[in-house]
Structure formats: C-alpha cells, structure tokens
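Subject: Structure for your review

Dear colleague,

Please find the structure below, together with its sequence. My notes on what was found in it follow.

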Amino acid sequence: KTVTRDEATGAVTVAGLDVRALAEQFGTPAYILDEEDFRSRCRAWQQAFSHLDADVYYAGKAFLSRAVVRWLHEEGLNVDVCSGGELTVALSAGMPPERIAFHGNNKTRAELEYAVKAGIGHVVVDSFEELVRLAWAADQQGVRQKILLRVTVGVEAHTHEFIATAHEDQKFGFSLTGGQAAEAVRRALTLDGVELVGIHSHIGSQIFDMAGFEVAARRVVGLLAEVKREHGVELPEIDLGGGLGIAYTSDDDPREPQEIATALTEIVRRECAAEGLAIPRLSVEPGRAIVGPSAFTLYEVGTIKPLEGLRTYVSVDGGMSDNIRTALYDAEYSVALVSRASDAEPMLSRVVGKHCESGDIVVRDAFLPDDLAPGDLLAVPATGAYCRSMASNYNHALRPPVVAVRDGQARVVVRRETEEDLLRLDVG
Ligand code: LLP
C-alpha cells in the first residue's frame, strides 16, 4: 500500500502525494487510483496461477479505462468484457483481441458480429438463442469462433442476493441439473460457426468462503467428464469466473489469490484424475479483488446536521451517483478524515450525499471526530470496483474523475464530466 498517514499532522499521502494537494488540483469528489497497488495485485494473481496452464482475465465491469487496459496488458493479464462498449475500450487501448473474452446473458446481434469481426479470443455463450446467433455471425464472416458455455452449477453463494449468480432461480447460464447444459454442449458441437473449447462458471461476487468455488470446480469437471463419455470429446478449457471478496471494513477477512489458486487447482487435479481427464487450461476472472482496494474516493464535507439522540448527518459533495453500492446492496464502507489531525471525541455519523432522497447514503455508520467542519476532506477506501463503473448522472450530477497516482505523479485518466457533456447529449 502506498497510503501513509502522519499521526502528528494528520497529513495523508498516497504514492507520495498529499491528498489535500490532490483535492486542490483535481477537485472533489474524485476517485484516486493507486497504479502501483493495482499492478501489484495483477502480479499477485499472475503469480498465484503461474505454475499452471492458466490465464487471469480481469473483469472489466469492475472498472475499465484505457489506462487500466494498458496496465493489464503490460502485466500480462487478459480482460473480460460484457458489452460492446467495454470491448471498444479494451480494443482501443491495444489489448490484443485474442486476449479478450466476451460475457453477457443477452449480447445483441450487433455485439456478437462486432466481437467476431474483432477476432476476440472467447465468447462465453449464455443461451440457446445466442449460440445460433453467434454461429450465424461467424459463418457470415467465414470464421469459427471459440466459445465457452456458461453453466449454472447450482451453488448458493453466501453474498447479497443481487450478486449471487449460480443458484437455480436467476437469469445466467445453462442449468447443469436441469439438463440444459448437456443440451447446449450437444448443439454447440453440431454448429460449424463455433468451436466449443470449454465450460464457464461464475458463482457470484464478494465471496469469502472457498467452498462455493470448490463445488463449482467439481461440477464443471463433472460436466467435462460427461461430455467425454457422451461425445468422446475432451474440452480443453475451464473458466471458474471471479468473485473473490475484498475487505471493505476491518470486519472483513478476505482470501488471497494464492489461496484460491491452491484450492481450485487441487480440486481440478483431483477430479480430473478421478475421471481420467487431462487437466484443462484454467481461467479466472477477478475484478473487485484487483481494482477494489486500489482506489478511494475523496469528498469534501458540506453540511453537518446533528440529530439529538440519533446521529450526525455529514453531507459530502457526491453520493449515490458516484457510489450506489450502499443503497443497492447495503454495502459497508469505512471513512476517515484526511485533511488534518483531530483528537476530538468520536461522533456517531452517517455520511450521506447531495441527492434528493434519503437512501442516498455513502457510509451508514461511522465515527468521525466531533470537531468535523465544512471544508474537511473525507476519504472512503476500497471504492475502485463498481463505483465509477456504476456511477450515474442522477440529478444531473457530473461523474467524478479518476486520478491515477504513481511515484509522486498524478494524472487524470478519466476526466470529470462537465455541464457541456450533459448538454451535448440533450439534443432536444
Ligand atoms: N466474471 C463474471 C462472468 C462476472 O459476472 C463477474 C461479476 C466477474 C467475473 C467479476 O466478479 P468480481 O471478481 O468483481 O466479484 N455490482 C456488484 C457486483 C456485480 C458483479 C457482476 N459480475 C457490486 O458492486 O458488488
């Protein structure tokens, strides 16, 4: 970590830069993205899987920009995209198309044609309709598109309902237990436009318990065995998705990439040996676990409203438009005063935004010093994943910039929106 705090003065620096100077130069709110931290986590994932025949795909949905794509490329990672927009960003920053995988439960015809034309490595097929559309698009272009089939392994991931994806009653993938997965394999093997190379599973997000991943790995290998028995084909790849959780508060105790690598490879090796299969090439798709801890959001305090016997509402200059996760998933964050030292008494606070609804909460419960004043700067850590990427223009808020810092240098990699940006889209 390149964040330091001088206890005497309260000065907080990141990559050698004082956050007060960053706020002065780039304004607030702003996402401050620590490039070295991001890269070191890329390396940790690469290293954890380096002794295997394995690929790490960064899940672009967590946060994607051209700078990030260049870092990923330099660190040897691949990227997974889930829309034509993400694909464009990845390609335009020079990610080789064969190192891109394309996800999604309802990719449009146009997106599929675009992906095939671009020559991307894998399309992860999610439905029977898509199988047909993709085979057609590939036929039209005279190519054979490599695909994985996404299966639903029937695991109840212990995470928020909205981000669990492998139980039966949700929209993703082909059900393993319902026989859809076997049927999808059968159809895929008959289509000339696609080359079925493997099976994909993603069980959900912000997961700490390895058990779900292990069950998924076992069931995916089970399907490979079934495919071999039925069709005499050994599929050479499996992709076990992303989902490893990170620490948002000190209560969270996340697993390291090395631990998930060890757990997955042990299971895959054991199950393959039991089934008489060759070990397939393994992919994983971490998003949050790479970028989440690499950024924090810097806000300025605007108003402070003590409610007798309840708590103090501290309003900052952003809110649910730059971090929807608290409102959407009851996500927990921490917050710290970063513009000065204070030894004032702790005050039970709720950090809220400037939007027109009371669910506009950034940090539900926090203790901040009771001498907090307008103009103070607050930092909310671990906002690198699913904050800028899910940011909105609600109330015509201007989405904050992403400022990358490294070795005492700061540069804007995604600029702050302006009112001209809003008006440019409003053509009426
Ligand atoms: N692979 C697939 C197919 C996915 O759907 C996802 C996330 C990932 C990989 C990366 O998962 P990660 O390693 O980042 O957990 N907006 C929610 C998270 C939604 C995740 C969607 N899929 C949130 O803010 O918590």
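The protein is divided into domain 1 (3–33 + 293–425) and domain 2 (36–291), with bounds that come from an automatic or database domain assignment. Please note that this is a predicted model, in which local features need pLDDT of at least 70 and side-chain atom pairs count only at pLDDT 80 or more, while totals for chains, interfaces and linings use all residues. Residues are numbered from 1 along each chain as its sequence is written.

**The two domains**

The C-alpha centres of domain 1 and domain 2 are 33 Å apart. Their contact takes 22 residues from domain 1 and 20 residues from domain 2; two residues are in contact if their C-beta atoms, placed from the backbone, lie within 7 Å. On the side of domain 1 that touches domain 2, the elements giving two or more residues are α11, β20 (402–406) and β21 (409–414). Here helices (H or I, at least four residues) and strands (E, at least two) are DSSP runs, numbered from the N terminus. β20 gives the most to this side, with three residues. By type, the residues of this side of domain 1 divide into 15 nonpolar, four polar and three charged. In this count Ala, Val, Leu, Ile, Met, Phe, Trp, Tyr, Cys and Pro are nonpolar, Asp, Glu, Lys and Arg are charged, and the others, Gly among them, are polar.

**The ligand**

The ligand is surrounded by 22 residues, of which the closest are Ala59, Ser205, Gly242, Gly287 and Tyr386; a residue belongs to this shell if its C-beta atom, placed from the backbone, lies within 6 Å of the molecule. Two or more residues of the shell come from each of α10 (288–291) and α11 (325–329). Domain 1 and domain 2 each supply at least three residues to the shell. Nine residues of the shell are nonpolar, eight polar and five charged.

**Helix α6**

Helix α6 (residues 128–140) has 13 residues and should span 18 Å at 1.5 Å a residue, which agrees with the 19 Å between its end C-alpha atoms; the expected span is 1.5 Å times one less than the number of residues. Glu130, Leu131, Leu134, Ala135, Ala137 and Ala138 are buried in α6. A residue is buried if 20 or more other C-beta atoms lie within 10 Å of its own, exposed if 12 or fewer, and partly exposed in between, with C-beta atoms placed from the backbone. Seen down the axis of α6, its buried residues fall within an arc of 165°, so they line one face of the helix; the arc is that of the directions from the helix axis to the C-beta atoms. These buried residues pack against α5 (109–118), β8 (122–125), β9 (145–152), α7 (180–190) and β11 (194–200). The face turned away from the buried side carries the exposed residues Glu129 and Gln140.

**Individual residues**

Thr28 and Pro29 are joined by a cis peptide bond, with omega of about -10°. Pro29 is in the loop between α1 (19–26) and β4 (30–34).

Ala382 lies in the loop between β19 (377–381) and β20, and is buried, with 23 other C-beta atoms within 10 Å. Asp407 is in the loop between β20 and β21, and is exposed, with 10 other C-beta atoms within 10 Å.

With kind regards
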